[in-house]
Every structure is written in C-alpha cells, then in structure tokens.
2 protein chains.
Amino acid sequence: MFKKLQEKIDVLKAPVVVGLDPVLDYVPREMIEESFALKGENLEGAAEAIFRFNKAIVDAIYDICPCVKPQIAMYERYGVPGVLAYKNTVDYCHEKGLYVIGDIKRGDIGSTSMAYAQGHLGAVRIGEKDFFPFDEDFATVNPYLGIDGVKPFLEVCAKYGRGIFVLVKTSNPSSGDFQDKKIDEEPLYEVVAKKVFEWSKEYGTAIGAVAGATYPEVGKRLREILPESMFLIPGYGAQGGGAKDIAPFLDANKKGIIVNSSRGIICAYRNDKYKDCKGDVGKAARAALTDMREDLGGI
Amino acid sequence: MFKKLQEKIDVLKAPVVVGLDPVLDYVPREMIEESFALKGENLEGAAEAIFRFNKAIVDAIYDICPCVKPQIAMYERYGVPGVLAYKNTVDYCHEKGLYVIGDIKRGDIGSTSMAYAQGHLGAVRIGEKDFFPFDEDFATVNPYLGIDGVKPFLEVCAKYGRGIFVLVKTSNPSSGDFQDKKIDEEPLYEVVAKKVFEWSKEYGTAIGAVAGATYPEVGKRLREILPESMFLIPGYGAQGGGAKDIAPFLDANKKGIIVNSSRGIICAYRNDKYKDCKGDVGKAARAALTDMREDLGGI
C-alpha cells in the first residue's frame, strides 16, 4: 500500500496530504446557514456543514493531491452525526480517487486493537458477508501499549492491503514529556522507532511512522533507524515547520515522506495571501496546496 | 465526580465496573436473529444485537453496580451504526442511574484532544445551544503526547464535572515494551504516574489512573505516587488477575479503586459455573457480579 501511495506522490510530484480537520468556525457563514436550514441547528446541521466544507475542498484539490487525512476527533466532536460525516468524507474522497489516512491514533490491548483494526482498515463478517465499516486506506496508531496493540493492525493490513503509521515523535510542544525521556542514553522516541523497525521485519510488512516537522533535529536520526519507512510529517505550516525542516526525513532516494498541512490549506480562504480567491474555500485551498507543493519541491 | 463515584461504590459495597465490550459472537443466537430480522443482516443488525445484549445485562445489574465501562472499539468495529449503539448504550445506562466510563483511550495534540474532550465529556455550542454529543461521565486518556493532550480533558472535566483516567500501566502482556523501560532507574509508568500527580496539583483536579490487576507488584508503588487517585483496574478475571492482586492498589482508607470485569460478567451465561441461570444473559451476569463483589469484599 505504501508503494501505491509513493507512486501517486511521484506522478503528482506532491508529497503532501491535506488534513481534513474541519471546525464549525472554519466553515463560511453561508454554508453553515444552508446546512442548518436542511438539517437543523444541531449536531446533524453541524455535521452537514463540515461535510460540505470538506467537499468544497476535495472537489478543488483531488487532481493535484494524492491523499487526505481526516482527523476523526474533529468529527467525534459532533457525536454520532459527526462520525457519519467522517464516514461520508472517507467515501467521498475514495470516489474522487484520493487515498485516505484515518488520523485515529487508536491503540489498546490486543482484542480491542483488533476491533479498531477491523473497523477502520478491515472487514467484519456478519452472516455470510464481509462489511468494511470505515474503510480507510491507512490509519495512525498509538504505540503506548506495545506490540499487542499494534500487531492486530499489522495482521489486518496484511490481509486487506492497508497500512499504518505509528506515532513516534509527535509535533506538539509537550511531546517531550515522555517521548524525549532517556532510556539508556536514548530518547523514548528512538526506542519506539527501533521497535517499529523490528516489528516491520518480524511481520514482513512496511510500517510508516509519524514524526513532527517541528522537530527537524530528530528527522535525520529517525531516518537512520527507519531507512525504508514512509514518514507522515505533521506540523508543517500552522504548527511552525517549513520545507528546510522536512529535508532530513527524506530517504536515500529523496522519497519516503508525506507532509501534512491542515489549517494552512483548508483555511486558506481566510488568508490575506489568497485574497484573490475572494473567499472561495476550494480555490484558496488549491492555491495554497500549489504553493506548498512548490515549497516542498525545493528539498 | 470521583467523590460521587466513590459514594456510590460505598453505598453498594461494590468497587466494580462492568465492561460492556460486546462482540457479536457473545450474543445469544435468538437475540441475533431478532436483530437481523428487524434491521437486516448487516452493520445495523449487528449494532442492534450488541445493544440488545447490553440492555439485557444492564437491566439485570443496574441496582447492584455503580458503573459500566463500554469499550468504544467494540462499537467502532461495526462502523457508524456501531457508534450509534455505543451512544444508545451510554444513554440507556444513564437512564438506569449508572455512571459511564467511556473506554476511549484518546489522546492527541492540544486542539485535537479538545475536540475529543468536548465530544465525549463536554458540550459543543451550535448556534445558541449546547449539545452533549456522547456524554460519558468519565473517559480513559492515553498520555503518550504529554500534557498538551491531557490538559483539554482536564479543562472540560473542571467545567462539566467529569473525570478522566490516564493510562499508566496497562494490563496486556506487552505493556512492558515501553511502559517498563527505565528512565533514570524508574520505569516509564512511574514517570507517567508522577506526571499525573503533578498535573493533578497544577490543575487542581482529581485525575484517575489505569493500572492493570495483572501487575500487582506495581500497585503498591503506584499507590505511593498517587495517594489520592482513583485507580481503574482492568485485568481481573479473564485476563488473570484476582482479589489478592488488587489489594496493593487500595488507598489509606481502603478505598479508591474500581475493578473492571468484562467477559467474566457479560459472558457468564456461557460459564458452567452459572449453568443454573439456564443461559439467561442477565441472570448469569448478576450472579457473576455478585460473586465478584464477594471476592473483592475480602480485601
């Protein structure tokens, strides 16, 4: 699955993923009013609004972008209707030919992780038929519970041709609270990266890693530990990382990365830089994504 | 909120929480057939079946049990209809007067954790009104991202009178992959426990901790670090822990614990020990829960 994603990145010359992390406050007033008129001023109406917002963005970028990453928290915030909007977003992105990384950061004891893995990346058997409940292509996984919590995802990935990105070093300011703690001179994130490498060998499957652009000094080291992994790199743009911070994550072939931008793309219509787009969500997203591709083209 | 939970535990003399972790295979054939007849042999039908199964258990135990803990993965496995069954379970348990711990193990960067916190423990404002999307009383939280990922939960808890349990030492066999790694002679789970203590002082709020019954040797140490926290203790019963493994977790007043059992209660109807219940899911659950209360009463 990582190979297919890399191929699409190469064809489009775009190692980018658009974070579909909608917040009601990001949605233009008109779109909100239409949604409330249709579904009510309630969770259903809010969910409709964020789905419409996503659609406007996806319609404008699907031909220049390999992949999107909806953050499921932004949908769970609106309860069951929000989760339905998440599922509709995944389906709509697939219709448009985009790969979907479910940013779900799940991870639990074995039997529970299996339930997440089947629900998000695999199938459940009901009677004589298989159903694919959420059907993302990739998911992010939290490693705090160790291999028990990761292995079910690897099994499901192998069976259905999907992939996971394990959190190694996150992009947030306090990621160091635990991830930087030294274990025999090595920070925890390196210990996790080495485990990811081991698991990848043991289970004969590629495993991606999440590592924030906000910590470029760790990029070089993580690439040494994980020479063949694809890195999912959040923290570009709004969180402060730039193209120069990304370069250390490249593999020997100058590939193997996919850089996320969320607000920088989906809220571009509010950015003075894109005022020529006259507040058009899609047009501004496309312009911002084009700029991001160019910026990253330099590395 | 922890005080209210402790009061209810005291009144019922039951430091127990029933894990509502349904799997379609656990549900009696007849209940499955009724559900499929009503909703179809699909995700909706499966979700209906697990909700009915939960109802049978809740109806039989609500007067002797303070609290339930649905594991959301078991519902996400069945997609959006499954998540709806989760929400319906939370609501039904509230109707019956039970506290609900959402076993969601979420944790992310700040703005994202805020979305989870609002969705699960708090409210979202839409137009002029507040909506409580999932409305659990407590939630479990994964600390791997540090305080950024925990703080939004604490803020929402303070505002709405809810509580969280932070994963400190999980009950699964590979929890040691990272949680046991030594940082200046201390295992990571102790470092996490100390942070939980610090955060609790800093934000002036009680924070619970998750620590597995399968590792009783760590119970005493964790209780020293967190003298006032409530411990949510999984791993009793099916995972191998017994009453003697629980004792070290007690606080100075012989309180401050809530012990989870899932399969041991919800699948009791298949256990030879409860064959007098003649396969009645609810009756057997009540019998098993009564036994568990007695077993724990000894400590």
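In which strand of chain A is A:Gly163 found? I looked it up, and A:Gly163 sits in strand 7 (residues 163-169) of chain A. Strands here are DSSP runs of E with at least two residues, helices are runs of H or I with at least four, and both are numbered from the N terminus.

A note on the ground rules: this is a predicted model, where local features need pLDDT of at least 70, side-chain atom pairs count only at pLDDT 80 or more, and totals for chains, interfaces and linings use all residues. Residues are numbered from 1 along each chain as its sequence is written, chains are lettered from A and ligands numbered from 1 in the order in which they are written, and side-chain values use heavy atoms, with hydrogens and water left out.

**Entry: A:Gly163.** I found A:Gly163 at 0% relative accessibility, so it counts as buried. Buried means under 20% relative accessible area, exposed over 50%, and partly exposed in between (1.4 Å probe, protein chains only). Setting aside neighbours within four places in sequence, A:Gly163 has contacts that include A:Met1, A:Phe2 and A:Leu121; contact means heavy atoms within 4.5 Å. I also checked A:Gly208, 45 residues apart from A:Gly163 along the chain, and their C-alpha atoms are separated by 7.4 Å.

**Entry: helix 5.** Next I turned to helix 5 (residues 79-95) of chain A. Its 17 residues should span 24 Å at 1.5 Å a residue, and the end C-alpha atoms are 25 Å apart, which agrees. The expected span is 1.5 Å times one less than the number of residues. I see that 12 of the 17 residues are buried, so helix 5 of chain A is largely enclosed by the rest of the structure. Its buried residues pack against elements including strand 1 (16-20) and helix 3 (43-61) of chain A, and also helix 5 (79-95) of chain B. Just after helix 5 of chain A, A:Gly97 takes a positive phi of about 85 degrees.

**Entry: A:Val90.** This residue lies in helix 5 of chain A. At 0% relative accessibility, A:Val90 counts as buried. Leaving aside neighbours within four places in sequence, I find A:Val90 in contact with A:Val100, A:Phe134, A:Asp135 and A:Glu136. A:Lys195 is 105 residues apart from A:Val90 in sequence and 30 Å apart in space, C-alpha to C-alpha.
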